[in-house]
Amino acid sequence: MYSKGLKPLSIASLATLALALGLVFFYAPNDADQGFLQKIFYIHVPIAIVSLCGFVAGGLMAIQYLRTNDRSWDMRSYVAIHLSIVLGLGVLITGSIWARGSWGHWWVWDEPTLVSFLIVFLLYCCYQPLRFSIEDPERQARYAAVFAIAAGAFVPINFIAVRMSQSFSHPRVLSATGGSMPGSMRLTFLISLLGFTLLFVTLWKLELTSKHASMQLKRLKKRLELDLEERPAGAPAPPVSTVPAQPSRD
Amino acid sequence: MALFSVTVFVLFHFGLQRNSLEGDLAAGVFWVTLLLATVLGVNRLFVVEREQGGIDGMLLAPIDRTAVFLAKAAALFLYLLLLELIAVPAFDILLLGPDPYKPLPALIPLLLLANVGVAAVGALVSALAVETRARDLMVPLLLLPLLVPVVIAGAEGTSPLFTGSQSPHELGKWLGLLGLYDMVFLLLSIAVFDFLLED
């Protein structure tokens, strides 16, 4: 169901990422200020954008779940947020490395984007504990959806608040003027962004496929168990009974 | 809650080793203490109904679920007001130095707007967390990151009040941010609260 088009997608994301990395190292010029260090920009900024979009997309899928009451939307929302958390960790690590290289500190408080990202990340880290400490699966889905929507709305407000409170020192590469990037850098950046977006979608589909498969497996196992229980004692064992059924049931 | 806040002021006095605070340090101590005290209130907001089945009773009554949310948020708002009625004078007397009453009038709109936002978010978080197993752990983990904008606006807005220099333009900016926060989370909570009570 979810596995359709997974193979071409994986190939496309692999190819785009390889192309992006090639461009980063051999095509894009070194930054005049920061030299080679600035290359981390081509990884840090795309994954930050992709993971924030993933959080917001998770919120939108949660709205869709609450509207349709279709569990597959809940699954989609869960996987999107879960992947975005993983990417978010990557954003914080690469951002920290970049800050260390460029400003000399591992962590810089007067830099709104990094700080607001940390707050958003801390909030979303609660998503999984919240979800899995509710037992009833239907209620679990609903509560997780409510959380995803509230947190999705929180993302822009938080960015406004943190930006208002601080001085502007983050390299505003994508400013309103379109940035002062030369064409070669912009091309590299866009291809890298595309690559990470494709990677995100591929991983998302992959996890959905695996979740779907394991759910189906569970359902089949349950049916097999029921079949075994219903058969009268002493009946000849069918070929499937090589699977060890729980002996304690009898 | 009020007792807790006074205790925290005493802790800050010893932790910071200061007899009086001013400026941004005072604003930080004040707002962080208020929000930590809020966590206590939010923790208890839905617990009684949950343990004694009051939620089922409310759902049987022919009322809109939004009314339940608004009632809970209003209750939290009143709790916060009570907390501040005690915590603000205590803070003034204990930590603000010789001339404690000057910043009070300008503090009132900030506190009221902050209370609205905190009440909306707090009621939502409380309803979310009450069904989880580790309820007491989930509330602060969910609530405190969500309240970061309130701390930012509150602390930035009050720190000039506590130093004595007050530029009205700055205060308006932070009041605007709090207003935006209140509006978004009030509307959002009203929109999604129905799904938390559905059974």
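## Where the two chains meet

In this predicted model, 24 residues of chain A are in contact with 25 residues of chain B. On the chain A side, three helices each supply at least two of the touching residues: helix 4 (112-124), helix 5 (127-132) and helix 6 (137-165). Helix 6 of chain A gives the largest share, with 15 residues. For the complex, the predictor reports an ipTM of 0.79 and a pTM of 0.78.

Which residues touch the most other members of the largest nonpolar core? They are A:Val146, A:Phe147, B:Val125, B:Leu128 and B:Leu142, out of 123 residues in that core.

## The overall build of chain A

Chain A holds 7 helices and 0 strands, so if you walk along from the N terminus you will read α-α-α-α-α-α-α. Of the 250 residues in chain A, 34% count as buried. Among contacts in chain A with a separation of 6 or more, 77% join residues 24 or more positions apart.

## Helix 6 of chain A and its bend

Back to helix 6 of chain A, the main supplier of residues that touch chain B. Helix 6 has 29 residues and reaches 41 Å from its first C-alpha to its last, close to the 42 Å expected at 1.5 Å a residue. Helix 6 of chain A also bends, by about 30 degrees at A:Val155, and a proline, A:Pro156, follows within four residues.

A:Pro156 itself lies in helix 6 of chain A. Is A:Pro156 buried or partly exposed? A:Pro156 counts as partly exposed, because it has 13 C-beta neighbours inside 10 Å, where 20 or more would be needed for buried. From A:Pro156 to A:Tyr124, 32 residues apart along the chain, the C-alpha atoms are separated by 14 Å.

A:Ser116 lies in helix 4 of chain A. With 24 C-beta neighbours inside 10 Å, A:Ser116 counts as buried. What is A:Ser116 in contact with, leaving aside its neighbours within four places in sequence? The partners are A:Asn158, A:Phe159 and A:Val162. Another distance you can check on screen runs from A:Ser116 to A:Phe154: these residues are 38 apart in sequence and 11 Å apart in space, C-alpha to C-alpha.

## An asparagine with a positive phi

A:Asn69 is worth a look at the backbone level: its phi is positive, at about 60 degrees, although A:Asn69 is not a glycine. You will find A:Asn69 in the loop between helix 2 (41-68) and helix 3 (71-103) of chain A. A:Asn69 is partly exposed, since 14 other C-beta atoms lie within 10 Å.

## A kinked helix in chain B

Over in chain B, helix 5 (residues 65-95) has 31 residues. From its first C-alpha to its last, helix 5 of chain B reaches 43 Å, close to the 45 Å expected at 1.5 Å a residue. A kink of about 25 degrees is centred on B:Glu84 in this helix.

B:Val88 also sits in helix 5 of chain B. B:Val88 is buried, because 20 other C-beta atoms lie within 10 Å, and 20 or more is the cut-off for that class. B:Val88 and B:Gly172 are 84 residues apart in sequence, and their C-alpha atoms are 21 Å apart in space.

Chain A averages a pLDDT of 80, and 82% of the residues score at least 70. For chain B the mean pLDDT is 84, with 93% of its residues at 70 or more. In chain A, confidence is lowest in helix 1 (residues 6-26), at a mean of 83, and highest in helix 2, at 88.

Two stretches of chain A call for care. Over residues 173-178 of chain A, pLDDT stays under 50, and the model has 4 contacts for them beyond four places in sequence. Residues 245-250 of chain A are also below 50, with 3 contacts in the model beyond near neighbours in sequence. Where pLDDT is low, the predicted coordinates should not be read in detail.

How values were computed: Residues numbered from 1 in each chain as written. Chains lettered and ligands numbered in written order. Predicted model: local features only at pLDDT ≥ 70, side-chain atom pairs only at ≥ 80, totals over all residues. Buried ≥ 20, exposed ≤ 12 C-beta atoms within 10 Å, placed from the backbone. Contact = placed C-beta atoms within 7 Å. Core = buried A, V, L, I, M, F, W, Y, C linked by C-beta atoms within 7 Å. Expected span 1.5 Å × (residues − 1). Bend = angle between axes of the 7 residues up to and from the residue. pLDDT = per-residue confidence, 0-100.
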